[in-house]
Amino acid sequence: MSEWLVLSIAMAAACAVVLSIAFLNHRRIGDDDDPNETPDVIEYMTMMIGVIYAIVLGLAIAGVWEGRGAAQEYVRQEAQALHEISVRSEVYPAEVRKRIRSDVDAYVTYVVDTEWQRMADHGELTEHGGELLERIRRDVTDYEPQTDHEGQAYQPLVDQVAVADDARSARGSSAGATMPGVVWFGLIVGALVTVGLIFTLQIRRSFREMLLAGLFSALIAFLLFLIWDFDAPFGRGISATAEPFLAQFPHLDLGG
């Protein structure tokens, strides 16, 4: 099922529940009830709880967005480091250069076409991907430079392998969900309390009040969906992409 369809259903369900409760609540209210009798303290507490929950929602959205941005940056660093390895190996003999570039291409192809889906489905890396990166490391470190020019290129190549390895590890650590369960509990309970407080203000069945109640509940549902969607940087609709690999290795025809 499409995530946007899920969002639409969730928003519609939130509106339906709130409006249904409003209608049922209105039926039990007598004709002589005066909505102006709502105590000022209730209006004040409703406002304060709404403000506090808005701050919590904002922090949650900022946190998951930052996590997604960091995950995308790890992908960029890894792709750039692998590109540097492939380019800087130009100074090595043809046989060594060909082996390094072949293994880099094999690793990139595997990451984009296979490992990416594993991260999306299970939030983890694969052992084979680590083996392919280790093969690149062996290609670089096992070669003994024969000239001063090769010697000058050796250490930078080793450093780029280390950068790629570190970026890969960071990519793996950011592949899973970032929001703890207790935070989700607080967000959902807070949403129920915030929406529920609408009824303490003796909402009526006028079109204006029904519209505002429906829009408010739909907004809460949308913001919770947004947090959930950003919570898995590689696994959902608005996720980190493999674009840096595609840009750095266009000759591989990746993601086809």
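Glu73 is partly exposed, with 30% relative accessible area (partly exposed lies between buried, under 20%, and exposed, over 50%, using a 1.4 Å probe and protein chains only). Glu73 pairs with Arg76 in a salt bridge, and the structure holds 12 salt bridges. A salt bridge is a side-chain nitrogen of Lys or Arg within 4 Å of a carboxyl oxygen of Asp or Glu. This is a predicted model, in which local features need pLDDT of at least 70 and side-chain atom pairs count only at pLDDT 80 or more, while totals for chains, interfaces and linings use all residues. Residues are numbered from 1 along each chain as its sequence is written, and side-chain values use heavy atoms, with hydrogens and water left out.

**Pairs within helix H2**

- The closest N and O atoms of Arg76 and Glu73 are 2.8 Å apart.
- Arg76 and Glu73 are 3 residues apart in helix H2 (residues 40–88), so about one helical turn separates them; helices are DSSP runs of H or I with at least four residues, numbered from the N terminus.
- Arg76 is partly exposed, at 40% relative accessible area.
- Arg88 forms a salt bridge with Glu84, with the closest N and O atoms 3.0 Å apart.
- Arg88 and Glu84 are 4 residues apart in helix H2, which also puts about one helical turn between them.
- Arg88 is partly exposed, at 33% relative accessible area.

**A pair between helices**

- Arg171 forms a salt bridge with Glu115, with the closest N and O atoms 3.3 Å apart.
- Arg171 lies in helix H5 (residues 148–173) and Glu115 in helix H3 (residues 94–122), so the pair ties together parts 56 residues apart in sequence.
- Arg171 is buried at 0% relative accessibility, and Glu115 is buried with a relative accessible area of 0%.

**A network**

- Salt bridges with shared partners join Glu134, Arg137, Arg138, Asp142 and Asp165 into one network.

Terms used. Helix = DSSP H or I, 4+ residues; strand = E, 2+ residues; numbered from the N terminus.
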